[in-house]
Structures are given as C-alpha cells and as structure tokens.
Amino acid sequence: FNLFAKQAQLEVFEGYFHDYERAVAAQNSRKKGLYYADDPRHIQNKIDVFAKRALLNYTNNSPSSVGGVEDHFELPTDFYKVINITFQASDLGRVIQEVPKHRFDLQESSNLTAPSVIFPIYKREGSKIFVRPLSINYAASTPTPDEEVYMNYIRKPSDPHWGYNTIDGDPVYNEDSSTQFEVDLADEPELVYKICLMAGLNIREKEVIETMNKIETQDFSKDL
C-alpha cells in the first residue's frame, strides 16, 4: 500500500501543474469565470501548500581559494520546482536571474551583460546552482544574516506511510508511526482511484482494472 500511495500522491501532485496550465489558458481565452469559478486560483492554492523558503548550502570546490568558479550551492533534498533565488547583501535584497546554460559563460564574459551584485545570475546543473558574480560565492562562504543566498521553491510532498502494530497476528493502524497524505482533501477520490488501479494491476484483477479505466474515461470526457 505504501508504494502505491506514494506513486498516487506524486501523480496527483504533478497533475496540479498541468491542470494549472490548462486552467490559465482557458481563463485567458475567456472560457472560465472568476471568484468561485476561478480555477487557476483554486489550483494555485493547492500548490502553495508546498511553497517553502530555505537557505542554500554552499560547497567550496576550490581548496586553494574561496569563491572559485567550481564552487556552487546545493538544491534542497525536497526540491521540486524553483520559484526564485535571492541574495541578501547588507540592506539590499536581490533576485538572482536564471540564465540558460548555453548563455551563462557568454553573458559572464560580456562587457555589456556581465553579472554584478546588483544584477546577479545563476545556472542550474543537476542539483547544483552556480552563481555569478563570484563575490556572491565568497560572501556566502562565511554567511552572516546580511549575506546569504535563499531559494523560494515548491517542495515535493512527503511520502505517505501507513504505520501499524501487529496484534494477535493482525495489523492494526498506528497513527503515531504513520504519515498522512499532503495533497488537497478534494483530491481524495482521485487518490483512491489511482491506488485501486495500481492494486488491480498488481494482483491482476481484471474487474478492478476495467472499473478504474471506466472511471478514468468518464472523468476525461467531463474535461473536454
């Protein structure tokens, strides 16, 4: 169950972003209303539950110096999508602008577009964030409350876990060792559907699979 629950929750969670994109497109084409019919806002409220702010950990890959070109910041372990990255310097807070990898070196070497503390940039490579100018790396190597790099981001939901104790040979639910679902309560029917579908596939129960596929087809038709 725990494996099915984890996968089902991730699918629902990732569906929020697809649904949000579709809802914004529909609203822009005047196919959706406002207030109680404001689908983009409702979906955004679901996503905002996972919004988080964290201090980025600095990694010094240049033992001979601080603030080297290979020095970087590590993404949080629960990272899913970035909102923005900021650098706090003295009494000034700056948003660090993301730059595509293929433009990063070019922009850094240009006299016209070279990054500065006023207009810093970053690129992402896997779980690493490279920031320019290098003076930001140097400042972050000995962070103070006035010189730190933060990320605002959407985190991944915690893995649900059904904990239990064995009593007289039977599993009995234990709330203290369990982790609840984090997606919106309104999505409970979809969670149940997805878990049942995966369970049906696992036990090769034809009737369960056919019933779940029928529900999915009906829901898809409603969205058209």
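This is a predicted model: local features need pLDDT of at least 70, side-chain atom pairs count only at pLDDT 80 or more; totals for chains, interfaces and linings use all residues.
Next I checked its ring against Tyr173. The two centres are 6.0 Å apart and the planes stand at 35°, so I logged the pair as tilted. Trp162 is in the loop between β8 and β9 (164-167), and Tyr173 is in strand β10, so this pair links parts 11 residues apart in sequence. Tyr173 comes out at 38% and is partly exposed too.

Then I looked up the aromatic pairs as a whole. The structure has 9 of them. For Phe13 and Tyr80 I found centres 4.9 Å apart and planes at 65°, so that pair is edge-to-face. Phe13 belongs to helix α1 and Tyr80 to strand β4, so the contact ties together parts 67 residues apart in sequence. Phe13 is buried at 0%, whereas Tyr80 is partly exposed at 24%. Elsewhere, Lys123 lies over the face of Phe130, at 5.4 Å from the ring centre.

Last, the sheet. I traced 8 strands in an open sheet with mixed pairing, in the order β1-β8-β4-β5-β6-β7-β3-β2. β1 and β2 each have a single partner strand, so one side of each lacks a neighbour in the sheet. Neighbouring strands are turned by 35° on average, direction ignored. β5 and β6 pair in parallel over 2 bridges, and Gln97 has Ile121 as its bridge partner. Helix α1 lies across β4 and β8, at about 70° to β4.

How values were computed
Residues are numbered from 1 along each chain as its sequence is written. Side-chain values use heavy atoms; hydrogens and water are left out. Two strands pair if DSSP finds at least two bridges between them. Helices (H or I, at least four residues) and strands (E, at least two) are DSSP runs, numbered from the N terminus. Axes are lines fitted to C-alpha atoms, for helices over the stretch in contact, and angles run from 0 to 180 degrees between N-to-C directions. Contact means heavy atoms within 4.5 Å. Rings of Phe, Tyr and Trp (its six-membered ring) pair if their centres lie within 6.5 Å; planes under 30 degrees apart count as stacked, over 60 as edge-to-face and the rest as tilted. Buried means under 20% relative accessible area, exposed over 50%, partly exposed in between (1.4 Å probe, protein chains only). A charge sits over a ring if NZ of Lys or CZ of Arg is within 6 Å of the ring centre and within 35 degrees of the ring normal.
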